[in-house]
Amino acid sequence: MVDLLNLKIEQMAGLNFKCECGRTHKVDIEKIIVGNNILNAKNSFMDIINSENLFVVADKNTYKSFGKELITLLKRENYQITEFIFQNEDHLIPNEKSVGRLLIEIPKNASLIIGVGSGTINDLCRFLSYKLNIPYIIFATAPSMDGYASMVSPLIVEGFKRTYEATYAKAIVADTQVLRNAPLEMIHAGFGDILGKFTSLTDWKLSKLTNHEYYCEKTVEFVEKARDLCVKNAEKISQRSEEVIKQIMEALIISGIAIGFVGYSRPASGAEHHLAHYWEMDAISKNISHPLHGNSVGVGTVVVSMIYQLMKDKLPKGLTPPDPEYLISIHKKAASIYSPKELGIPKDVFQESIIHAREIRNRYTILQLAHELNLLEKISTILTEKFYG
Ligand SMILES: [Zn+2]
Ligand SMILES: [Zn+2]
């Protein structure tokens, strides 16, 4: 029996076991490293770069923070390298243009793609890897979202965000010294994505109790343990303590692994993600900027916990929803934003999102239960009043 809760992150690569829930859980990632100064310990990951012709992808910032050093090292090791550095002034967008650009730049003989970056670079490289059938390795530069160990790529096509099938990374490598120097907003985003597990796991249990949806206790404990380690050290986030940065990165990887365990994003994504997606899609449709995914999720978590509180008499027995005051206190410790108003979500968009976010995805959450009981209008008015006064 695998002692899942006591494995080190490195030991999770290649995991394959039969679980008490009846399913076999697997991790088709060959190597996971979260360490300090990894370029000085190159032997820990060099064996995974077992190809001749590398296509290295970064953007201006990630090239500076890690890519340049990595490429220098790889050149010294005599690899053939084609590098492509996105030169965007603003945020790089994972759209047709970026995918097309990579297709133009990748050499015909590339045998391994190496991404240096976080969310967008990872999504682009993973998609390219899947379509061209060339493995990819991600060198993470920020603990900002839980997509590192994911196997889908959300892309923006014709102005709409859609999730496309893709593949696992062959390896995930993260240097805590690089991660801790990422912009604080990105670290807060990663922490927000982790806080989202308070409500996503509650939504999952709600659906199990209401609809007998498949549920894996082991997977839930696995995610909760990683989440709670980060929460315990929330105060150390603004000081960029290496300890908590490592815990956030590991929890983000674990969240992705948990999705892989059950085959869909249920453990990691509930109503808080539906709200975050709604806000993001609204901003994309108006062509205005939006917060980072995880910052929205962190706020969505507080909002959803308040919905649970407003519906506490209507919940099935055996469900203990998270306490909004507790979640706000964690946000305060981490010095991260917890109010939708402060995050910059317009009042009308916020109110609409409470009513319509459940339509984004066919997944049972507290929003669906509220809809069935005809409570969404009322809840949206109460919460809009609460946050926007
Ligand atoms: Zn299981
Ligand atoms: Zn997320």
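Predicted model: local features only at pLDDT ≥ 70, side-chain atom pairs only at ≥ 80, totals over all residues.
Local features need pLDDT of at least 70 and side-chain atom pairs count only at pLDDT 80 or more, while totals for chains, interfaces and linings use all residues. Residues are numbered from 1 along each chain as its sequence is written, chains are lettered from A and ligands numbered from 1 in the order in which they are written, and side-chain values use heavy atoms, with hydrogens and water left out.

Me: Which geometry does the site of the zinc ion (ligand 1) have?

Reply: The zinc ion (ligand 1) is coordinated by C19 (SG), C21 (SG), H25 (NE2) and C216 (SG), at 2.1 to 2.4 Å. Donors are N, O and S atoms within 2.8 Å of the metal (3.2 Å for Na, K and Ca), and water is not among the atoms, so sites may look incomplete. Four donors count as tetrahedral if all angles lie between 85 and 135 degrees; four count as square planar and six as octahedral if opposite donors are over 155 degrees apart and all others between 65 and 115, and anything else is irregular. The angles among the 4 donor atoms here are 103 to 115°, and the site is therefore tetrahedral.

Me: Which geometry does the site of the zinc ion (ligand 2) have?

Reply: The zinc ion (ligand 2) is coordinated by D193 (OD), D193 (OD), H273 (NE2) and H293 (NE2), at 2.1 to 2.8 Å. With angles of 51 to 142° among the 4 donor atoms, the site is irregular.

Me: How many residues apart in sequence are D193 and H273?

Reply: Helices (H or I, at least four residues) and strands (E, at least two) are DSSP runs, numbered from the N terminus. In sequence, the donor residues of the zinc ion (ligand 2) are spaced D-x79-H-x19-H. D193 lies in helix 5 and H273 in helix 8 (residues 271-285), so the pair ties together parts whose separation is 80 residues.

Me: Is C216 buried or exposed?

Reply: Buried means under 20% relative accessible area, exposed over 50%, and partly exposed in between (1.4 Å probe, protein chains only). Because its relative accessible area is 0%, C216 is buried.

Me: What is the centre-to-centre distance of the aromatic pair W204 and Y215?

Reply: Rings of Phe, Tyr and Trp (its six-membered ring) pair if their centres lie within 6.5 Å; planes under 30 degrees apart count as stacked, over 60 as edge-to-face and the rest as tilted. W204 lies in helix 5 and Y215 in the loop between helix 5 and helix 6. The W204 and Y215 pair is tilted, with 55° between the planes and a centre-to-centre distance of 4.9 Å.
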